[in-house]
Amino acid sequence: MTIRTHSMKQSHLFTKTRREAPKDEVSKNAQLLIRAGYVHKEMAGVYAYLPLGLRVQNKIKDIVREEMDAIGGEEIIMTSLQRKELWEKTNRWDDETVDVWFKTELKAGGEVGLAWSHEEPIGEMMKNYVSSFRDLPIFVYQFQTKLRNELRAKSGIMRGREFVMKDMYSFCLGEEDHTRFYNKTIDAYLRVYDRLGIGADTFVTFASGGAFTQFSHEFQTIAETGEDVIYINREKKIAINEEVLNEETLTKLGITRVDLEEVKTAEVGNIFNFGTQKAEDLGLFYKNEKGEQVPVWMGSYGIGITRVMGLLAEKFADEKGLVWPEHIAPFRVHLIELGNDNVDVHSEAQELYRELNEAKVEVLWDDRDVRAGEKFADADLIGIPLRVVVSEKTLAAGKFECTERATGHTSHKSISELIGHLTA
RNA sequence: CGGGCCGUAGUAUACCGGUAGUACACCUGCUUUGGGAGCAGGUUGACCGAGUUCGAUUCUCGGCGGCCCGACCA
């Protein structure tokens, strides 16, 4: 699990909120995330993740990590610099074939590529570890920064030139094993999207498959900012990408065109069956029980971590700012202390902060010496699920004022009631 | 890569062929203190290069950068 501090004082946070978004930032996710201090734009399509943004990114990764581990994934990190020769083996070094390459040269001589995918390097690496049928299956995954020289970056953090992706690769004995794992991954992905709060809007989508299978599967989430158009059947919970929408597909899936609803979506995941072609190109073989040389059956499985974050930012927001789901929010509680010059209020806030920490509740404590209105506006913008106010009023009442960001619902709770509520 | 729009303080916006004004932010002081406070004072700016011109932030060209539409996303 990611190690991070549980809580922090807002006076310690170096980022600031902004009243206005940069004028040339049109996408909603970038506007909100920049205004609230989650990300910093370095250049078009390239964003830095600041303390709040990194916490959110890590929460998303944690959920994905748990689900990948649960189906047998082993986490690794591959390299960002990649060998030219490797990609020449599969004829994908050429800019004509792959048009998103960033390439550079070693001072010592030789050309290297900057990682836009890891299919080839990981297949090559596995030659070191796979030689017998006893070595398979292998499922590995990583969270890695991908670099893609897109002609046009757009949509804030949803389509950048540098972005974080979870990519998993499966290495199986043959089609049967592969299919079993492939289907397990579909279930795992659906659990991920459920836990991210977008399960109801996310559809497994039939898309063009490439050289080895008729279809690949995309995971598409209904979203206004989406770049894709898909056709969904809510009842059967299936969807078809427009690129494969034809009579043949419809017949195969047992539906007709009138059963389908056209929606705009964002692709949040994509999984592929490579068959044995890539292993053959790379020379990744194993010996079966009979001593025969057999190519490994490969698959790849991606989730765009930062794209999902952008999508969540857009989907969970209102006119005041971000409204993070509980398991994604950078903190669980935003503790607002009003009237810092009141010694009793301050010590009460300190005590609450201490007790919440002890109860393992992540808190952002707004201990700044600014006016109430500014604290409330910032809290709304930052979008932490529960706002807890400590002030002279709450001190007199003997209970804290607790307001849910999503609903605006306010209740008054004692420390023990609050902790009970949060740890229930 | 094709097409379009744009580039003025940290941010957002004005005006202007004669060296730039406002708001927020920031700094100082006083007042204020439950929904982005008030007053007073202060700091900060024309993307780069060339051309036209007596003079260019303003006009022209080029570069660089940003956003949008399309294409692309194997």
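For the residue classes used here, Ala, Val, Leu, Ile, Met, Phe, Trp, Tyr, Cys and Pro count as nonpolar, Asp, Glu, Lys and Arg as charged, and the others, Gly among them, as polar. With that settled, here's a walk through the structure, which is a predicted model.

The surface near RNA strand B is made up of 15 nonpolar, nine polar and 18 charged residues. H10 has the largest share, with eight residues.

So what does H10 pack on? The helix covers residues 372-382 and sits on the sheet, where H10 touches E20, E21 and E22. Four of its residues, Asp 378, Ala 379, Asp 380 and Ile 382, are buried. The buried residues of H10 pack against helix H2 (51-70), strand E19 (321-322), E20 and E22. Just past the end of H10 comes Gly 383, with a positive phi of about 80°.

H9 (residues 343-358) lies across E20, E21, E22 and E23.

| Helix | Residues | Angle to E20 |
|---|---|---|
| H9 | 343-358 | about 165° |
| H10 | 372-382 | about 175° |

Now the sheet itself. It's an open one with six strands in the order E1-E21-E20-E22-E23-E24, and the pairing is mixed. Strand E1 (8-9) and strand E24 (410-413) are the edge strands, each pairing on one side only. Further in, E20 takes up residues 333-337 and E21 residues 363-366. E22 (residues 386-390) and E23 (residues 400-404) run antiparallel and are joined by four bridges. Across that pair, Leu 386 stands opposite Glu 404 in E23. As a reminder, strands of a sheet pair through backbone hydrogen bonds, either parallel or antiparallel.

Finally, the domains. Chain A is split into domain 1 (8-80 + 115-318) and domain 2 (333-423). How many Å separate their centres, taken over C-alpha atoms? The figure is 37 Å. The contact between them draws eight residues from domain 1 and eight residues from domain 2. On the domain 1 side, the residues that touch domain 2 come out as three nonpolar, three polar and two charged.

Terms used
Residues are numbered from 1 along each chain as its sequence is written. Chains are lettered from A and ligands numbered from 1 in the order in which they are written. This is a predicted model: local features need pLDDT of at least 70, side-chain atom pairs count only at pLDDT 80 or more; totals for chains, interfaces and linings use all residues. Two strands pair if DSSP finds at least two bridges between them. Helices (H or I, at least four residues) and strands (E, at least two) are DSSP runs, numbered from the N terminus. Two residues are in contact if their C-beta atoms, placed from the backbone, lie within 7 Å. Axes are lines fitted to C-alpha atoms, for helices over the stretch in contact, and angles run from 0 to 180 degrees between N-to-C directions. A residue is buried if 20 or more other C-beta atoms lie within 10 Å of its own, exposed if 12 or fewer, and partly exposed in between; C-beta atoms are placed from the backbone. Domain bounds come from an automatic or database domain assignment.
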